[in-house]
Amino acid sequence: MDDPPRTRIEQYYATVPLLFSDAEEYGPLRLFVRKEPGAPYYGGPGHAQPVGGAPVGAEDIERVRARQRELGVPQAFEWLAEAAPALRARIEAAGLPVLERPLMTLDQHHAVAPQPLPDGVSVRALAADDPALAAALALPRLAFAEPGTRRSGAGAEELRVVAGELTADGTVATVRPTLAAGHKTLVAALADDGTPLAVGHYHPAGGTTEIGGIGTLPTARRRGLAAAVTTALVTHARAHGVRTVFLAYADEAVARLYARLGFRPAGTTLLIADQPARS
């Protein structure tokens, strides 16, 4: 019998970081430690534990936090709420604020149709040597700095500035091998001059993937671009062997967009406030 979506999501959280990190065990907790430069990973339940997990003590949490301090990375934790229901209280008792990110998943038999695009806009998966790569990686910084769906000021000029920063600090060079190896797929909606207007990505593992980083350039909002990128990501992932597609959201307006595409509630991710994005 096929595993239920929530089980596949838990397995995904346990395995996809191992593409880029080593796992260190601290009793009932596990910490993923990056092998190469990139956004640091997080601690969470040790996934070798039975469902529900072993009891987590304050000393276990402190051991993980001490190791994170030693590594110079944020004291971040992330886990599926339903897989370790007692962990939230323990984390909060340690003084770390916990945020909820509801999850939605798409039934593997639900068909998604390409979304209409404005004139002059195209959608494609970006190769490692794509000339739009730096700007596509820069776009989420502008999109998430101005949350919501309202059109606002950040546009192409601001995008060029951030793209230059990410090129100069080595971020773009770090991502290229990941794209070339197929560990990450980055999809962008682009204007006819090649400027990315909306982006999103996924990391596949074991036939499951989380779609993430979906953002629209603030000056290009309310044109259906996020929906177009989302469906393109789903289509690309399914064409490359992914059966379970899920995502997290923080805004109800965004959740309504995903619901219109066929996504349905599938549990809750818990994480520490202000911790860096996994990707």
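Helices here are DSSP runs (H or I) of at least four residues, numbered from the N terminus. The model is predicted. Helix α3 spans residues 87–93 and holds both E92 and R88, 4 residues apart, about one turn of the helix. These two side chains form a salt bridge, with the closest N and O atoms 3.1 Å apart. R88 also forms a salt bridge with E100, where the closest N and O atoms are 2.8 Å apart.

Elsewhere, E165 and R141 meet in a salt bridge of 3.0 Å, N to O. E165 lies in helix α5 (residues 156–168) and R141 in helix α4, so this pair ties together parts 24 residues apart in sequence. Salt bridges that share partners also join E24, R67 and E70 into one network. The count of salt bridges comes to 10.

The largest nonpolar core has 53 residues, of which I211, Y258 and F263 touch the most other members. Helix α4 (residues 133–145) gives the most to this core, with 9 residues. Another core, of 17 residues, lies apart from it and includes I61, V64, L270 and I272.

Aromatic pairs number 7 in the whole structure. In one of them, the ring centres of Y12 and Y13 are 6.3 Å apart and the planes are at 55°, so the pair is tilted. Y12, Y13 and F246 form one aromatic cluster.

Conventions:
Residues are numbered from 1 along each chain as its sequence is written. This is a predicted model: local features need pLDDT of at least 70, side-chain atom pairs count only at pLDDT 80 or more; totals for chains, interfaces and linings use all residues. Side-chain values use heavy atoms; hydrogens and water are left out. A nonpolar core is a set of buried Ala, Val, Leu, Ile, Met, Phe, Trp, Tyr and Cys residues joined through side-chain atoms within 4.5 Å. Buried means under 20% relative accessible area, exposed over 50%, partly exposed in between (1.4 Å probe, protein chains only). Helices (H or I, at least four residues) and strands (E, at least two) are DSSP runs, numbered from the N terminus. Rings of Phe, Tyr and Trp (its six-membered ring) pair if their centres lie within 6.5 Å; planes under 30 degrees apart count as stacked, over 60 as edge-to-face and the rest as tilted. A salt bridge is a side-chain nitrogen of Lys or Arg within 4 Å of a carboxyl oxygen of Asp or Glu.
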